[in-house]
Amino acid sequence: MNVMAAQRWNFWGGTITALTVVWAILWAFPLYWGVISSLKPDDEVVRPYIELWPETPTLENYIDALTTTQIGLWYINSVAVAVGVTVITIFTSMLCGYAISQLRFPGRIALWWLILASFMVPISALIINHFVLVANLGLINSWAGIMLPQLIHPVIIIVYKQFFDQVPKDFREAAVMDNASEFGILFKIYMPMNWGVTTALSIVCFIWTWNAFLWPFLSVTRTEMMTITVGITQVNDAFGVYYARQLSAAVLAGLPVALAYLFFQRRVTEAITLSAGIKG
Amino acid sequence: MLRNSRTERLVALVLVGPFLAIYLLAFVYPTVQMFRISFTDAPLIGAGQWVGLENYLRLDNDPMFRRALWNTAYFVLMTVIPGTLIALLIALGVSRLKGRFQAIVLALFFLPYILPVSVVYLIWDWTLNFQFGIAMHVLDWLAIPRVPVFKSRVWFLPAVAGVTIWWTAGFSILLFLAGLRSIPAEIYEAAALDNSTRWTTFRRITWPLLWPITSLVFTIQLILQLKIFDQVYLFSIGGRPNDNMVLVYYVFQKAFQQNQGGRAAAVAVTLFVLVVVVSVLQFQLLRFAERRRR
């Protein structure tokens, strides 16, 4: 490459980098704006000009949101449901993925194809019959009712199966020779090997469940049983036109997942690319 | 090697059992029921009479169903293609950056994806608020008349599509970045030695090698957006949902607001079939592309 070409290359490269950075800042700006607005007192929020930093920052909106709505209860519901779904889904999927990968039993191939096929089915088409099912079980307005239809994540089994497939068969055979119990093999040998995947999948499963809207919205009719993602949209009346209070509730609802992402950035991105069928 | 296959089967049953129980109860059974009640006049809860294909035949003359179908198609068109292209552009930009700096810029693009839809709704409802939204100040400054975006029939779906691209682009960007990383650096070095221009390099190397990822992103987006409900429902609060009717919303309205389980199920089956057909097509397309590359 001659000098001219190299210079041209660098000039355009620099421009593209600068544009990317500016774009990123603009992209994230609405998030910043939402957070900043939630820290402004009522009269400042509605000023007819752009104020990028609150003149008198205040937590008043947060205190209002926490005391005048049932946001505390919604938090408890969201945590309970998200933890419940994550623990049950990860545990059952891991066991199932292990069995399909390592054991030979009748119906194994059929089960695998069934799981692959269910990947294509739109869960949101099933809302009517999920509702009928949960209502017949008497679980409307309960944590179990919010959780049940959300326990179906075929992709987690698929990822586990692929990971167990990569473990050399000798591992299992040696352990079987040593008379190790089947469960001992799974929990003492295979699980520790997949610890990274388990953490990554658990974090995204938690985030997915926390963020779920349609089903929690349908299966709960009583305000005190709502999850936080539904609650903050259903009780606008309580806020009136207090935008800042609504935004502070939004910040409270988004904070746990945003923090989970920022703390475990690498794990989250790993799990998300894995769940799309790409080895990260 | 000798295997005690009876114990193995028993262990397999114990391991598969919990998942299978949940799967049959919460997935297979509701799916079968959905097809079954779509041939009846059942209300949301309770039994109905067998009516054959009537629920499906009615859809043919149902203007609201037609609107839902059109709006869904329109929404898909406005999100999937622009969304894929924007994500690709961003990924190309981000992939040039290095280390910690790249992580920070990527996080700025990715953060919206991690947030619940209701938070996305509240943030954009505020940003585009007709009276106080910051976007309206910008419009004033550009001397463009303000638009009540989510109350306007013309602007509603394009605006929701824009918000949806903003919300979901992070996911596609991540997949594109993974794809870009898997292209060997030597190919680019060879291109640089040949004094290949940036555009030629992209057209001859990046784009063809990235094609499997592009089609993956495209179909994941397509399937996701066919199921659009949350954003349309939320932005329609206090507005006119019937103007912005989409398929899942129609299922919701028929079943939960008009108590017509059977008719709603017929709409749900339509959506179901639509998504399965797209998925199968995507699967065949990928297989075809793979065979051609060999």
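Mentor: Going along the sequence, chain B reads α-α-α-α-α-α-α-α-α-α-α-α. Helices here are DSSP runs of H or I with at least four residues, strands are E runs of at least two, and both are numbered from the N terminus. Keep in mind that this is a predicted model, where local features need pLDDT of at least 70, side-chain atom pairs count only at pLDDT 80 or more, and totals for chains, interfaces and linings use all residues. Residues are numbered from 1 along each chain as its sequence is written, while chains are lettered from A and ligands numbered from 1 in the order in which they are written.

Trainee: How many helices and strands are there in chain B?

Mentor: Chain B has 12 helices and 0 strands.

Trainee: And what is the radius of gyration of chain B?

Mentor: Chain B comes out at 24 Å, whereas a compact globule of 294 residues would be near 19 Å. That radius is taken over C-alpha atoms, and the globule rule is 2.2 Å times the number of residues to the power 0.38. The C-alpha trace of chain B spans about 80 × 75 × 35 Å along its principal axes.

Trainee: What share of chain B is buried?

Mentor: 40% of its 294 residues. Buried means 20 or more other C-beta atoms within 10 Å of the residue's own, exposed means 12 or fewer, and partly exposed is in between, with C-beta atoms placed from the backbone.

Trainee: How do H15(A) and H5(B) cross?

Mentor: The axes of H15 (residues 243–263) of chain A and H5 (residues 117–127) of chain B come within 9 Å and cross at roughly 150°. Axes are lines fitted to C-alpha atoms, for helices over the stretch in contact, and angles run from 0 to 180 degrees between N-to-C directions. H15(A) and H5(B) are therefore roughly antiparallel; under 35 degrees counts as roughly parallel, over 145 as roughly antiparallel, 65 to 115 as roughly perpendicular, and the rest as oblique.

Trainee: Which residues meet there?

Mentor: Among them are A:Leu247 and A:Ala250 from H15(A), with B:Leu122 and B:Trp126 from H5(B). The residues of that contact divide into 8 nonpolar, 3 polar and no charged.

Trainee: Why is H5(B) largely enclosed?

Mentor: 11 of its 11 residues are buried, so the rest of the structure largely encloses H5(B).

Trainee: What about A:Leu133, where does that lie?

Mentor: In helix H6 (residues 127–136) of chain A. A:Leu133 has 19 C-beta neighbours inside 10 Å, so it counts as partly exposed. Leaving out residues up to four places away in sequence, A:Leu133 touches B:Tyr29 and B:Pro30. As for H6(A), 7 of its 10 residues are buried, so H6(A) is largely enclosed by the rest of the structure.

Technical notes. Two residues are in contact if their C-beta atoms, placed from the backbone, lie within 7 Å. Ala, Val, Leu, Ile, Met, Phe, Trp, Tyr, Cys and Pro count as nonpolar, Asp, Glu, Lys and Arg as charged, and the others, Gly among them, as polar.
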